[in-house]
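Me: I would like to learn how to read a fold, feature by feature. Can we take it one step at a time?

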Amino acid sequence: MRVLLTGAAGSIGQVLTLGLADRGHEVVGLDRVPRPDAIDVRWHVADCADPDAVHAVFEEQPLDAVVHAAGLPDEASLPDSLASHVVTTGALLDAAVAHDVRRVVYAGSNHAVGRTPRAAVAPPGVLGVDARPRPDTFYGVAKVAAEALLSLYVDRYGLDAVSCRIGSFGPRPESLRQLATWLSPDDCVRMVDACLTAPAPGFAVVYGISANTRAWWDLQPGRDLGYEPLDDAEEFASSIEAGPDDEAEVGVVGGPFAGEAFHRPALDRLEP
C-alpha cells in the first residue's frame with residue numbers, strides 16, 4: 001500500500017517509516033519539519049491543521065491509506081489540544097473522502113481512559129475497548145474526540161478507521177507501570193501493519209501494547225484484526241526498581257497523567 005504517514009519525523013513516525021517499508025509498503029512522509037537524514041522516502045512539509053495544505057499533499061500522488069501519528073505529545077490547553085488532535089484529524093478525513101482514500105489508522109492514546117481506576121477494571125483484570133471514555137487530561141479529551149470524529153466518518157462515508165490507543169512506546173519499559181503498558185517498536189509496526197491490512201474493520205479501537213504478562217488492557221480486539229504482539233515487558237522486570245511513586249503510577253490506568261501535576265485550566269488567559 002502507498003501510505004501517507006503524518007508525524008513521520010517523530011519517534012513513533014520514524015520507526016513506522018522504516019518498519020512499514022520493510023513490510024512492503026510505500027511510505028509518504030508528512031511533518032512540519034524537514035525529512036530526517038535517516039529517512040529516505042517521499043516527504044512533504046506541511047501542517048495537518050491546514051486543510052488546503054493537506055489536500056495539496058493528497059493531490060500530488062495517489063494514496064491507499066493514511067496513518068495519522070502527528071500531534072502534540074504532551075498536555076496543553078484545551079484549544080491547543082483540540083487543534084492538534086481533532087482539527088488535524090478532520091482535515092485528513094476530509095481529504096481522504098475527497099480523494100477516495102478508504103483506510104485511516106489513528107495513533108490514539110491510553111489516556112482516553114486514563115482516569116479509570118485499576119480497582120474498577122473487571123476480572124480478569126483487563127480493560128476492554130467498550131469501557132466508557134475517562135480521559136485524564138485535555139490530551140486525553142482530544143484523543144476521545146478524534147475517535148468520535150473517526151466514527152462519524154466511518155458511518156457517514158463508509159471509511160475504515162482504526163484507533164490504536166498507544167500505551168508506553170519506547171525501546172524498553174522504564175517503570176513499574178510500563179511493565180503493563182509498554183509497546184515495543186517492533187510490535188508498534190506489527191500493530192499498524194495489521195490495522196492497514198485487516199479486511200473491512202469499519203470503526204475499531206485497539207489497545208496499543210505488547211504481549212505484556214502484566215497487561216491492563218484487552219489485546220483481543222487487536223488480535224481480531226491480525227495484530228499478534230511478540231514482545232513482553234516482563235523480560236525487563238528484574239531491572240526495574242520499585243520507586244516512591246509506584247502507587248500513583250498504577251492507581252489509575254493513565255498513571256501520573258491523572259495526578260495534580262497535570263491539572264491546569266482549560267483556557268489560557270491573557271490576564272491571570
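Me: In what sense do E4 and E5 pair, and over how many bridges?

Reply: Keep in mind that this is a predicted model. In general, strands of a sheet pair through backbone hydrogen bonds, either parallel or antiparallel. Here E4 and E5 pair in the parallel sense, over 4 bridges.

Me: How do E1 and E4 pair?

Reply: E1 and E4 are parallel too, with 4 bridges. Threonine 6 stands opposite histidine 68 in E4.

Me: In what order do the 7 strands form the sheet?

Reply: The order is E3-E2-E1-E4-E5-E6-E9. The sheet is open and the pairing is parallel. E3, residues 42-45, and E9 stand at the edges. Each has a single partner strand, so one side of each has no neighbour in the sheet. On average, neighbouring strands are turned by 20° against each other, direction ignored.

Me: Which helices pack on the sheet, and which strands do they touch?

Reply: One is H2, residues 51-60, which touches E1, E2, E3 and E4. The direction of H2 makes about 160° with that of E3. Another is H3, residues 78-98, which touches E1, E4 and E5. The direction of H3 makes about 175° with that of E4.

Me: Back to E5. Are its residues buried or exposed?

Reply: Buried, in 7 of the 7 residues, so E5 is largely enclosed by the rest of the structure. Now sort the side chains by direction. Arg103, Val105, Ala107 and Ser109 point one way from E5. Val104, Tyr106 and Gly108 point the other way.

Me: Which residues have the most contacts inside the largest nonpolar core?

Reply: The general idea comes first. In soluble globular proteins, nonpolar side chains tend to be buried together. In this model the largest nonpolar core has 41 residues. Those with the most contacts inside it are Leu16, Val67, Met191, Val192, Cys195, Leu196 and Trp217. Elements that give two or more residues to this core include helix H1 (11-22), strand E5 (103-109) and helix H6 (185-197). H6 gives the most, with 7 residues. Another core, of 16 residues, lies apart from it, and Leu30, Val57, Leu63 and Ala70 are among its members.

Me: What does cysteine 195 touch?

Reply: Leave out residues up to four places away in sequence. Cysteine 195 then touches Arg103, Val105, Val162, Cys164, Val206 and Leu225.

Me: Now the largest pocket. What is its volume, and which residues lie nearest its centre?

Reply: The volume is about 960 Å³. The lining has 41 residues, of which Ala69, Gly71, Leu72, Pro73 and Tyr139 lie nearest the centre. Elements that each supply at least two lining residues include H1, E2 and helix H4 (138-157). H3 gives the most to this lining, with 4 residues.

Me: Last, the backbone. Where is aspartate 100 found, and what is its phi?

Reply: Aspartate 100 is in the loop between H3 and E5. Its phi is near 55°, a positive value in a residue other than glycine. At 53% relative accessibility, aspartate 100 counts as exposed, because the cut-off is over 50%.

Me: And where does alanine 200 lie?

Reply: Alanine 200 is in the loop between H6 and E9. Alanine 200 is not a glycine, yet has a positive phi of about 45°. Alanine 200 counts as exposed, with 64% relative accessibility.

Definitions and conventions: Residues numbered from 1 in each chain as written. Predicted model: local features only at pLDDT ≥ 70, side-chain atom pairs only at ≥ 80, totals over all residues. Heavy atoms only, no water. Core = buried A, V, L, I, M, F, W, Y, C linked by side-chain atoms within 4.5 Å. Buried < 20%, exposed > 50% of the residue type's maximum accessible area, 1.4 Å probe, protein only. Contact = heavy atoms within 4.5 Å. Pairing = 2+ DSSP bridges. Axes fitted to C-alpha atoms, helices over the stretch in contact; angles between N-to-C directions. 1 Å grid on protein atoms, 1.4 Å probe; cavity = no way out; pocket = protein on both sides within 12 Å on 5 of 7 lines; lining within 4 Å. Points joined across faces, edges and corners; volume = space filled by probe spheres on them.
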